[in-house]
Amino acid sequence: MSSSRSEFWQGVKAELPLLVGVIPFGMIYGVLALGTGMPASAAQAMSAVVFAGSAQFVTAQMIAVGTPGLIIILTIAVVNLRHALYSASLAPYLQHLQPYWKWLLAYLLTDEAYAVAVIRYQREEQQPPQSEPCDPGQANPAPSKDKRHWFFLGCGLALWVCWQLSTALGIFVGQVLPDNWSLDFTLALTFIAMLVPVLRDRAAVVAGLTAGVVGVLAAAMPLKLGLITAAFAGILAGIWMENRK
Amino acid sequence: MNIWWILLLGGLLTFLTRLSFILLLDKLSFPAWVQRALRYVPVAVLTALVFQMIFIQDTGINPSPLNPRLISALLAGVVAWRTRSVLLTILTGMAALFLVQALL
């Protein structure tokens, strides 16, 4: 029985491994932001209002060198362009929701929450859960499909709380975890664990490899545009492979 | 510009970007070819992120087969494939990373 609450906690649980890698990022951001002369209140508020790691890093760096505000705002917009891709990718799963749910989940749509939620939704599609046959006698026949947004909420909120706390740690403790612990790499390892089951056919493998290689070659592109370039290259490669059959 | 305005407008733009298609899909629906393309977004984005975390270092691209992160990732991939366990994957990967970094 998949109630809203159990979906929510499953989302939190699925997000936990990613938090290990997110904490150092949040702390480094906090320290970096304070270093620009930004007041602690603004540094913390940015984590809540913008809530996007890479954009916050770029902002802190631009503030430090006295970049004009308008340029900073445009830069934030470009760095976060990839979120439009995530938005399109998740939209079909959230279509049935009330507007306030869409607004809330859009606010929580980060790389890390997107990754966990979308992988779960895709796997559900490929292998529908062994739902018990429709029982007309049941008072509240809530199909698990309609509770899926609670899973996303769990992922998003877990990450949100972690991001706020690690920012605060960076700001108020003023220190970061030692770099040679390489905790950030747990993020890559978690993504690997999530990716392996998704690489089920040749088209997916080709899409992934292409995106990976292009992502490395295009990493020098400014403003995280390399990631979008890589994503589009991967999509094209996947479709090409699909059509070859 | 006041830092608070930067923060507010930057946050608003970020939010609208994230909301864009989630809200728009009510009014329009994706054509079939877009839906097909979107299926590849997760695998493409995640692999690109992983490859960047493995190969991009402060000094640039590190293509060495002895790159500790590459060795760790390959081992983690095997563990993920055999066990399907996120926790085991992370533990093996981090153990391998520490070990290789200590040895090299």
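## Basis of the description

The model is predicted, so local features need pLDDT of at least 70 and side-chain atom pairs count only at pLDDT 80 or more, whereas totals for chains, interfaces and linings use all residues. Residues are numbered from 1 along each chain as its sequence is written, chains are lettered from A and ligands numbered from 1 in the order in which they are written, and side-chain values use heavy atoms, with hydrogens and water left out.

## Chain A

Chain A contains 11 helices and zero strands; helices (H or I, at least four residues) and strands (E, at least two) are DSSP runs, numbered from the N terminus. In order from the N terminus, its elements read α-α-α-α-α-α-α-α-α-α-α. Its radius of gyration is 20 Å, close to the 18 Å that the globule rule gives for 245 residues, so chain A is as compact as a globular protein of that length. This radius is taken over C-alpha atoms, and the globule rule is 2.2 Å times the number of residues to the power 0.38. Along the principal axes, the C-alpha atoms of chain A fill a box of roughly 65 × 45 × 35 Å.

Of the 245 residues in chain A, 53% are buried; buried means under 20% relative accessible area, exposed over 50%, and partly exposed in between (1.4 Å probe, protein chains only). Contacts are heavy atoms within 4.5 Å. Where the contacting residues of chain A are at least 6 apart in sequence, 84% of the contacts join residues at least 24 apart. The accessible surface of chain A is about 10,900 Å², with 67% belonging to carbon and sulfur atoms; the areas come from the Shrake-Rupley method with a 1.4 Å probe, and for residues only the protein chains shown count as cover.

## Chain B

Chain B has five helices and two strands, arranged from the N terminus as α-α-α-β-β-α-α. Its radius of gyration is 20 Å, whereas a compact globule of 104 residues would have one near 13 Å. The C-alpha trace of chain B spans about 55 × 45 × 25 Å along its principal axes.

In chain B, 48% of the 104 residues count as buried. Among its contacts with a separation of 6 or more, 24% are between residues 24 or more positions apart. The accessible surface of chain B comes to about 5,700 Å², and carbon and sulfur atoms contribute 72% of this.

A:Leu16 lies in helix H1 (residues 4-35) of chain A. Because its relative accessibility is 43%, A:Leu16 counts as partly exposed. A:Leu16 and A:Leu159 are 143 residues apart in sequence, and their C-alpha atoms are 8.2 Å apart in space.

A:Lys102 belongs to helix H6 (residues 99-107) of chain A. With a relative accessibility of 1%, A:Lys102 counts as buried. Leaving aside residues up to four places away in sequence, A:Lys102 touches A:Leu94, A:Gln95 and A:Leu97, together with B:Leu19, B:Ile22, B:Leu23 and B:Asp26.

## Helix H10 of chain A

Helix H10 (residues 202-217) of chain A has 16 residues, which at 1.5 Å a residue should span 22 Å; its end C-alpha atoms are 22 Å apart, in agreement. The expected span is 1.5 Å times one less than the number of residues.

The buried residues of H10(A) are A:Ala203, A:Ala204, A:Ala207, A:Gly208, A:Ala211, A:Gly212, A:Gly215 and A:Val216. An α-helix has 3.6 residues a turn, so residues three or four places apart point the same way. The buried residues of H10(A) pack against helix H11 (225-244) of chain A and against helix H3 (41-55), strand S1 (56-57) and strand S2 (60-61) of chain B.
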